[in-house]
Structures are given as structure tokens and as C-alpha cells.
Amino acid sequence: MTPNGYSFLVNYPPGGGTFSAQVLIVSAAGAGLTIYLDGAIANSISFPAPGADQNTNYVLTVNVPAGQHTIKLWNQGQDWLNLGNLTLNPYVSILGAYQIGNSNFTALWLWHRTNIYYANATATLAGNFPLAGLSPGSYRGTWWDTFAGRAISNFTFTVSGSNSATISTPPILRSLAFFAAPAPALSLGSIPFFPQVLGTNSPPLKLPVPIANGGAAGSLPLAYSLSITGASPIAYTAINSMQPGGPVFAWKDYSAIGQDISTNFASLTAKTPKDEGIAGPIDIGFAFPFFSGGQSPDIFTQLYVSPNGFVTFGPFAGDTSTNRSLPAVAVPANLIAFFWDDLDLSASGHVYTYTDSLTGSFVIQFQNVRFKGTVLTVTCQLILKSTGEILMQYKSLALADSCTVGVQNATGDQGLQVVFNQAYLQPNFALLIRPFPWLRLDINASQVPNGKTNDVELTLNPGGLAYGTNRATLLIRTDDALQPVVIIPVELDVTPLATWRQTHFAPPPIRVRRPILLILMETDWSTLSSMRSIQILRRAIIRLFSYAIVGQHLTISFTRPSPAPVEITYFFEAANDLSGPWKSGAGFATSIVTDNHDGTETVIVTDSIAVTNSTAHYLRVRN
């Protein structure tokens, strides 16, 4: 013990506690120990001279009230003594916490007292804590990484009566945040009706998919992600940032928050792991559809990374330093090549991975990776989206004409080659690969606040499609424990009839939500010249403006010039099949004409057959 003793500034919790000092050895000449509390003697002991240094195990204790105090240890004896343990009871936990909230929510910040300001900390610590103050009920808790700015985990817990809930923490390196509130609840609005029928010349059809959070007041945001699986047919297409409608190059650096896997590569050949190796399996963070609908399995949750600029959804082997064209049996199965070249991480460069649950994306970033045997480097990203879309971004590249970019399936007989050993890529460049061109979503993941609705835009684009049926499945995954997945079958039928309608009667025909009725409008072109038929058509029907089901009968209404053109005869016909026979008359369809006193008149046509009496029925207006 030093001649001047020791002083401690302490802060005890409500209820106070104790402070104890252990004496291990007393010198031959004797010694003493006095404990001062805020300048006053709280306890003291004197050790007489034993004549020789003496071991002891005496513990001197004082009571300390709650609050801040100064404690001083002083040796009032003749000679020295050695102290052992200094015990503060209760001693503060190594994990600190600060909580705010009310009876409906709570938010906490938890920090590691030793590591919080230690940049090179490696040792983590986990624990349990009582969470008090919440009303009885079910809650959703979320752990957040305060340094990476992302959610770590979600879970549900229950508060019973006035009891506290015991919460277990993840391993804490520096600090984490915790938020709990009533669980969200998915509420789907009026989802689009399928199948939709379009022509090859129809414009893209945009349909809203409303996703609402119907949770209790104050509930957490509803997190959701969208995935498109089971597409038939499947055909990958590519568009770059230099083309109209292409992706925007928007580089976000993940080197500060991503996981560095540069040292995770294992050897595949006699070359070094960072030259010819494999890293994985690596969790994607969501189910990623790849050639979904064209192979099995077609959804993957893990992948493998090559230092040569490609990933696969299963282990690969051998030397892959030589890039190849796609597709090919000799190429690793289920491959995405974002910059397949002879690259080498041995001398420099890093590979980072990052999963962003808020945007439903997984990122692999190659940072300053060298071309083998040179000092030239490439920095690029591969971004997988939950929808199955694949985004590639190129920030800088010293060489661009010796790589392969594209995808291929498990058997190597189907794929898309964007480039092979050609000068195509460039700095500040983005490339988007889609698994099917006819179905798109404007977002692949987000959150809905309590009481709000997000309208996801689903676009059906028949452009470039042949006549036939196109199918896929839209999966809406949410953190609603009662509705974790919603399945919506999507179907786009491209037909000659819809193409004819779009050509002559744009906009596309209106379809009722029930699949048993269809409105057709036709004219007899065979008896009219081309120019005259167009003129008569323009005079025959000005606008189809409404349809309805009234008393279980389909009605359609349109306006025409008043009086009706004498050279035009209108037929209102019905049939059970498009091939006929088409029948007219009061037993099949009736009409009522009303003068609008503005040079037009309104015609209301009513189908005589009730919608409940037929599995398929068609109504047409013909002249």
C-alpha cells in the first residue's frame, strides 16, 4: 500500500451496498488500515508488530449508502501492508444499459463497458436482463447493430401480468440497441386478379399490390420482402445503365460495414487459396430464386465465392483461372459471373459480403482486387435481390476485355452470356439481369408503418412475347408470425384476340373480376373498304365508359352519335364460347338507348343470362 493511500470515487445503486478491503500480509513492525467514507472514518483496524512479516486474510468492510461517494484507504500503522481484493457489492455489470419507453413500447441501448471505446476489441459478452414496464401482451423484439446500422434478429415474447420479461442478449462487442412493441399484422388489400390477357402490342399493365400493417396501435413496422419463383417460361435478359430504362449506377461502399471474407478461402489446387480457392457456404439472408421454374432446386439460401469473380450456389472444384463462354457443361454449375477473370487476392484486395434485410438484397464487393501477375485492379459489386434480379456494378476496372459476365443453370445447357472477352464494361457502369422480362416489381423489400399501406407496383409487359401463357408465383414474405408467407399465382396470357383489340380498340378491353364473363367489341370488316371502315368505326362507338353486374346480369354501356349513323347496324350478341354460335334477340341480350341532348346517346346492353348460370359466357357488340 502506498504512503498516501488510495481514493475511489464510487456511485452505488438504490439500497446502497458495501465496500471491502482484504489484507494479505502485515510487516514485522506492524501496520493498520482505516477506511474513510466522504472524509469520515467508517471502519478501522490496527495490526500490532508480530516480529516477522505475517500472512493474514483479514477483510475490513464498510456500509455505503446509495449515490456518489469518496472512499479512501489509509495505513495508520508503523510499517507496510499488502492489500488483496477490493470488493464493491453490488458491483456494476460489465454490460451497461439505458432504457426509455412506456407501457406500449420500450427502447434500450446496451454497451460493453470495457470495449465501447476500444477500437481493437475482440471479446464479446452476452447476458440476460429483466425488461419491465410493458403492459401484458405479445411483443416483437428487434436487436440492432448500432455500428453497422442493421437489424440482427427479430423474435416474439410475451409479458404476463405485472411480471418482467427476461430477455437474452446476442453477443455484444461494443454496443447494441433493442426495440420492442406490439407485433405487426399483415393486411392485404384487393390483390390483382389473374390471369390478365394482353396482346403483343399492348402497353405494360401496372397493377397495385397493397400491403398494409393492421397491427395494434403502436405496433412495429411490418417488414416484407417479395420473391418471384416458378416462372414459365424462364429467359434471362440484361440491360445496362447506358440503355433507356436501364439501372442507375449508384455505388454504396460496404467495406466499413460488410464482413471481410478475404481470409476465408480454402485451396482447390496447388496454388494459394486467394488465387484459386473457394469461400463458403455463405448465408444470403433470404431465399434467392435462380432459374426458378426451370430446375430443381431453384431457390437457394447459401452461395460460394471464387476469388476469380464469380459465385455458385453449390461447391465447385479445380482451377478456374481461365474464364469461359456461357453456357457450358465445363463451367461450374449454377453460376453467376460478375467479373470472371484470372484474379488474385494474394497481394492486395478484399472481398466483403453484406445482407441488407430492409432492401432485400445481398452484396458481394470486390475491392481493389488485382489481375493475376499485375498491379492492375478491379472494384465491383454483385447484388442479389429477393425477386431474383441480379445487379452488377463496376466502379473501376483497369482491364475490361478479358472477362466473362453472365449466368448459367445447373446442367450448363441454359444461360445468358452478356460478354465474353470483349470491351463492354466500363467504370461507373451498372448491369441488371432479370430472369423474365414480362414481370417486374418496383420494389423487392421494405417496411410498412403501423396503420399505413404500401402499394407495390407489379408490371406485366407483353412486349417481345409470343402468343401463349406466362406463369410465375409471387411470394410475399413478412414478419407477421401468423402470415409469414402469402402466395399469389401470376398469369399473363398473350392472345391474338387481345392483340386485335389493342390494334383496333385501344385502350385494352375492360375485364370484370369474375372469370366467367368477357366483353367483346367487333365490326364486320369484310364488307367495308379499309378507309371507310375506319371512318365508320370512329362514328360507330365514341367511348366504352362503364360496365357493371346488375341483378346478376352483365351490363355494358357506350356512347355513340345521336342520331345513330344510318349506314351502321348494331348487333348485340351472346355466346357460351368464342367460336360461337353467337345469338341475338331478347332472349340473349337487350338494349336501352337514352338521348344525352348533346349530339350523343348512351346505349346500355344487358346480357339476358345470369352470371350464376354459366361457367363461361361472352357478350359482344358488333356492327
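## Cis peptide bonds

Pro-297 lies in the loop between strand 22 and strand 23 (299–306), where strands are DSSP runs of E with at least two residues, numbered from the N terminus. The peptide bond from Ser-296 to Pro-297 is cis, with omega near -5 degrees. Another cis peptide bond joins Gly-280 and Pro-281, with omega at about 5 degrees. Pro-281 belongs to strand 22 (residues 277–289).

This is a predicted model, in which local features need pLDDT of at least 70 and side-chain atom pairs count only at pLDDT 80 or more, while totals for chains, interfaces and linings use all residues. Residues are numbered from 1 along each chain as its sequence is written, and side-chain values use heavy atoms, with hydrogens and water left out.

## Positive phi in a loop

Asn-421 is not a glycine, yet has a positive phi of about 55 degrees. This residue is placed in the loop between strand 32 (415–420) and strand 33 (429–434). Asn-428 is found in the loop between strand 32 and strand 33 and likewise has a positive phi of about 55 degrees without being a glycine.

Asn-421 is partly exposed, at a relative accessible area of 36%; buried means under 20%, exposed over 50%, and partly exposed in between (1.4 Å probe, protein chains only). Asn-428 counts as partly exposed at 49%.

Five strands form an open sheet in the order 8-9-14-11-12, with antiparallel pairing; two strands pair if DSSP finds at least two bridges between them. Strand 8 (95–101) and strand 12 (150–159) are the edge strands, each pairing on one side only. Seven bridges join strand 8 to strand 9 (residues 106–112). Gln-99 has Leu-108 in strand 9 as its bridge partner.

## Aromatic pairs

The count comes to 28 aromatic pairs. Rings of Phe, Tyr and Trp (its six-membered ring) pair if their centres lie within 6.5 Å; planes under 30 degrees apart count as stacked, over 60 as edge-to-face and the rest as tilted. The Phe-129 and Phe-178 pair is edge-to-face because the planes stand at 80 degrees, with the ring centres 6.3 Å apart. This pair links distant parts of the chain, 49 residues apart: Phe-129 in strand 10 (residues 128–131) and Phe-178 in strand 14 (residues 175–182). Phe-129 is buried at 12% relative accessible area, as is Phe-178 at 1%.

Phe-338 and Phe-366 also form an edge-to-face pair, 5.2 Å centre to centre with 85 degrees between the planes. Phe-338 is buried at 0%, and Phe-366 is buried at 0%.

Technical notes. Helices (H or I, at least four residues) and strands (E, at least two) are DSSP runs, numbered from the N terminus.
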